[in-house]
Amino acid sequence: MSVAIINTTEVQQLLDAASGLSSQTGDTRAKEIVHRILSDLCKTIEDLNVTPDELWAGVDYLNDLGRAGEAALLTAGFGLEHFLDLRLDAEEALLDPRKGTSRTIEGPLYVEGAPMSKGFARLDDGTEQGKVLIMHGLVHDINGRPIAGGIVDVWHANTKGLYSHFDKSQPPFNLRRRIETDENGRYEFQSIVPSGYGCPPDGPTQALLSTIGRHGRRPAHIHFFVYAPGYQKLTTQINIAGDPLLHDDFAFATRDDLIPDVVERADPESIKAKGLPTPFVEVEFDFVLRPASDPRHGVVLRRRAAVG
Ligand code: MBD
Ligand code: FE
């Protein structure tokens, strides 16, 4: 049995009242968005004949999701965070078609306030027996001019795919640093090659993904904010080439220009030049920042993040 009541005056008045449209006070924008979402939800219930049991299962799910603190994780998994990137890309292409390094999603695991250093940083504390990674390059503008005094804020997972702060077994700010580019616009860091992340297996995000036949894993990656006065802040990641999930990321963050070569350095000269005791892998990657031509680029509306 299916009934169609959504367009009746009674239901339309209900939606107006429920979203505050009939009230003289409150925020107009909030009312508009709430009205649209409620209307679309009622239309979904009507069109798909959503049962009361299904609706209450959804309500219970939202409580579980909030209790677990996984709302932002599901946002990434639904591809909504990537959708925002696609919208920014399209907007940007209209304003100024000159491209910098591609943006890609921030994800839910950034922590504010990582230690600062100039030119170089070591990200790991040496306690984990991971493959040593050296990553370095330039921060420059779209004309190739190096940017001195820019910040490369970098964070990544350990060899188990876990992030410090959220994984309490790691020391504060492990694998998280802010590196200021030197006078030539260069940055460099030493760390260990991360493993890919997987959603908590018993959490609500993984539960929903499993219900719709999806996995909740990401290929190995390293996150960055790169910014400097006068330039648009870049939020991006690089992927570790060769990861089997490179093009099967549950968060849809992989982009073609964000997969640099990972070069094995096992020869004694390279090892000695870096002062390392073991072979390592080297990644060279330049970050290209677009000018902050649009005044809105100066207004970075940061999402809520953990503070270390
Ligand atoms: C991550 O490490 C991540 O980058 C994203 C987008 C989601 C979950 C974990
Ligand atoms: Fe991540």
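## Report on a predicted protein model

Of the 308 residues of the protein, 43% count as buried, where buried means under 20% relative accessible area, exposed means over 50% and partly exposed lies in between, for a 1.4 Å probe and protein chains only. The structure is a predicted model, in which local features need pLDDT of at least 70 and side-chain atom pairs count only at pLDDT 80 or more, while totals for chains, interfaces and linings use all residues. Residues are numbered from 1 along each chain as its sequence is written, chains are lettered from A and ligands numbered from 1 in the order in which they are written, and side-chain values use heavy atoms, with hydrogens and water left out.

The protein has 7 helices and 13 strands. These are DSSP runs numbered from the N terminus, with at least four residues for helices (H or I) and at least two for strands (E). Along its principal axes, the C-alpha trace spans about 80 × 45 × 30 Å. Contact means heavy atoms within 4.5 Å. Among contacts between residues at least 6 apart in sequence, 72% join residues at least 24 apart.

**Two packed helices.** Helix α3 (residues 52-67) packs against helix α6 (residues 204-211) at an angle of about 135°, and their axes are 9 Å apart. That angle makes α3 oblique to α6, because angles under 35 degrees count as roughly parallel, over 145 as roughly antiparallel, 65 to 115 as roughly perpendicular and the rest as oblique. Axes are lines fitted to C-alpha atoms, for helices over the stretch in contact, and angles run from 0 to 180 degrees between N-to-C directions. Tyr 61, Asp 64 and Leu 65 in α3 meet Pro 204, Thr 205 and Leu 208 in α6.

**Two glutamates.** Glu 70 is found in the loop between α3 and α4 (71-77). Leaving aside residues up to four places away in sequence, Glu 70 touches Leu 65, Pro 200, Gly 203, Pro 204 and Thr 205. Between Glu 70 and His 221 there are 151 residues of separation in sequence and 20 Å in space, C-alpha to C-alpha. Glu 92 has its place in helix α5 (residues 80-95). With residues up to four places away in sequence again not counted, Glu 92 touches Pro 97, Arg 103, Gln 232 and Arg 290.

**Aromatic rings.** A pair of aromatic rings is described by the distance of the centres and the angle of the planes. Rings of Phe, Tyr and Trp (its six-membered ring) pair if their centres lie within 6.5 Å; planes under 30 degrees apart count as stacked, over 60 as edge-to-face and the rest as tilted. By this rule the count comes to 9 aromatic pairs. Trp 155 and Phe 225 form a tilted pair, 4.9 Å centre to centre with 50° between the planes. Trp 155 lies in strand β5 (residues 151-156) and Phe 225 in strand β8 (residues 221-227), so the pair ties together parts that are 70 residues apart in sequence. One aromatic cluster is formed by Tyr 187, Phe 189, Phe 224, Phe 285 and Phe 287.

**Cysteines and accessibility.** A disulfide is a pair of cysteine sulfur atoms within 2.5 Å, and by this rule the count comes to 0 disulfides. The table lists accessibility for several residues.

| Residue | Relative accessible area | Class |
|---|---|---|
| Cys 42 | 28% | partly exposed |
| Cys 199 | 6% | buried |
| Glu 70 | 6% | buried |
| Glu 92 | 13% | buried |
| Trp 155 | 1% | buried |
| Phe 225 | 2% | buried |
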